[in-house]
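I opened this structure for the first time today and kept short notes. They are set down in the order in which I looked things up.

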Amino acid sequence: MKARSKAAPASVAKARVLLGILCSLALWPVVQRQLVTRFEIDPWKFAGFAMYATWTGTVVVPLEPAPGGGLTPMDETALPAFARDALHRFRRDRPALGKLLPPDELAQTLFAARPEIDGLVVAIQRMQLDPKTARIISTKQTRPFVREKAPESQ
Amino acid sequence: MTRAVSGAISLRVLGQMGTVDDVAAASSLRTFRQFLLLYASVRSFLWIAYAETDAGLLTACACVIWFGLAQSFSAKWAWLAPRIVLPVLLVQFAWRAPHVANHHVVEFLSFTMLALLGARERRDATSVLQGLRWLTMIVLFWAGLQKLLYGHYFRGDFLALMIAIQEPFAVFFRMLVSPEEISRVAGYDLWRTGSGPFRLESPLFALASNAVWVGEMGFPLLALLSRVRHLAALGAIALVLAIEMAALEIGFALLFLHLLMLFFDAKVARRLFPFVALFLVYALLATADSIPGDPRLWKLR
C-alpha cells in the first residue's frame, strides 16, 4: 500500500477516472428508477440492472371510427407496408422508451395510410405484476388524434 | 492539494477490492482482454447474422473488433486494442438503441477501463483490475437491490411468472414445485388484467427466490472484507451459475463469470479460455447452420 501511495501522477489521474466511472455506475440506477416511474421506460434496460426483477408488457392498438359509431381496431393487414412497418417499430420501441416515445408520429403515418379517416385513437395498455396480489394489473392510455386540415389556398 | 487528496482517496477506495501486485494484475487483465474481445467478436457476428438492416455498418464494426481480437494476442500492441474498439462499440450500441441490454453496458464499461492501460501495462494494472472488481460487485449489488425494491421475490412471484412464460424456468424449478402448481401458473393469460395469482405455495421455492437477492446483495458486501473476498467471489460464481441454469442468458453469464474470475489468479481464466473459445466457435458454426443448435436460444447477443 505504501508503494501505491507513491503512484505516478498519470496513475493517480487514471485512478480518479476509474472512481468517477464507478460512482456514476453506482448512482445511475437511482435515476433509472425515476425514469421508470415517471416515463414508464423498460425497467430491464438503461443500466438500472433490474433485469429479472419485475415484469412489464405493452399492448398497442390503433383504433378508428366504426361505421355505426364508436371505435374499432384498425385492420392492420389492410395497411400499406410503410404503415405496418411504422406500427411494428412503435410496438418494438415503445416498451423500452415508454412515454418518451409518444404515438404522434405513428398517428401521422396511419393518417397517411388511411386518407379516408379524419380521426383515430392509439390505445396503449401497460401490464405489470402487482407485488401485493401477484396478479396482472394494467394502466391504459388512449391518445385521440384528429387529422390536421391543410390551409385552404387564397 | 485538492487533486492530491482526491487522488489518494481514489487509490484508497479502489484498494478496498484487494491489493494485487502489478505483474499478477497485468497477467489477469491480458487474459480478460482476450476474452472480452473474443466475446465482442462473436456478439458482433451474431448481430450481423440476425440483423434486419444495416448489415454493412455492422460488418464494418465487426471487422474492427476482429482486428482488435487479433491484436490482443500481440505482446507489443495488445494494450491498444480496447482503445480502437471502444468507438466502434459506441456505434454498435447507438445502432441497437434503445434495445441495449445491461450486459452491453457492462461490456462497454469493461472496455473503457481496459482502455486506461497504456503501453506500460503494469503501471496501472492494479487500479484497473480493482476498478473491474468494483464494477462487478456494483452491478451484482444493484441487481439484488432492484429485486428487493420491486418486491416480487419475497414470495417468489416473479419466478412463478417466469415459470409460466419460459420453459427453462419451469424445467429448473420442477425439483421444488409440483407439476400441478406449474400447470396452474402456466395456464394464466399474461395479457389479461387480473390474471393470477402468480404465487406458489412451496416454502422451498420462496426460500430459493429470496436467496437470489440476498446473495446478489450479500456477496458484494462480503467482497469488501479481505478475509472472505475470495469466498464471496466463489459464492457469486455459484449464484450466477444457478441463476443461469434457469435464465439461460449465456452471453451475460460468460461475461460476468469472467469478471468474477478477476478475483482469482490469472491462470484460472487462462485455463478456461480454450473451452470458452471452443464454445463460442460452436456458436458461430451453429449460426452459420454448419452444425446443429440455435444460438438465439442461448441469448448470446
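**Conventions.** I am working with a predicted model, where local features need pLDDT of at least 70, side-chain atom pairs count only at pLDDT 80 or more, and totals for chains, interfaces and linings use all residues. Residues are numbered from 1 along each chain as its sequence is written, chains are lettered from A and ligands numbered from 1 in the order in which they are written, and side-chain values use heavy atoms, with hydrogens and water left out.

**Chain B, overall.** I looked up the secondary structure and found 13 helices and 0 strands in chain B. Helices (H or I, at least four residues) and strands (E, at least two) are DSSP runs, numbered from the N terminus.

I then checked the dimensions. The C-alpha trace of chain B spans about 60 × 50 × 35 Å along its principal axes.

Of the 301 residues in chain B, 55% are buried. Buried means under 20% relative accessible area, exposed over 50%, and partly exposed in between (1.4 Å probe, protein chains only). I noted contacts too (heavy atoms within 4.5 Å). Among those in chain B with a separation of 6 or more, 70% join residues 24 or more positions apart.

For charge, I noted 26 positive and 19 negative side chains in chain B, with the centres of the two sets 11 Å apart. Lys and Arg count as positive and Asp and Glu as negative, while His and the chain ends are not counted. The place of a charge is NZ of Lys, CZ of Arg, CG of Asp or CD of Glu.

**The loop between H9 and H10 of chain B.** I found Arg199(B) in the loop between helix H9 (179-186) and helix H10 (203-222). Is Arg199(B) buried or exposed? It counts as buried because its relative accessibility is 13%. Its side chain makes a polar contact with the side chain of Asp157(B) at 2.8 Å. Such a contact is a pair of N or O atoms within 3.5 Å; within protein, one must be able to donate a hydrogen and the other to accept it, and residues adjacent in sequence count only if both atoms are side-chain atoms. Beyond four places in sequence, Arg199(B) touches residues of both chains, including Pro131(A), Lys132(A) and Arg184(B). Pro197(B) lies in this loop as well, and the peptide bond from Gly196(B) to Pro197(B) is cis, with omega near 5 degrees.

**Another cis bond.** I also found a cis peptide bond from Ala97(B) to Pro98(B), with omega near 5 degrees. Pro98(B) sits in the loop between helix H4 (81-96) and helix H5 (102-114) of chain B.

**Asp124(B).** This residue is in helix H6 (residues 122-150) of chain B and is buried, with a relative accessible area of 2%. Leaving aside neighbours within four places, Asp124(B) contacts Ser11(A), Lys14(A), Leu116(B) and Leu117(B).

**Chain A.** I looked up Glu40(A), which has a positive phi of about 60 degrees although it is not a glycine. Glu40(A) lies in the loop between helix H2 (9-39) and S1. Ala47(A) is in the loop between H2 and S1, and its phi is near 55 degrees.
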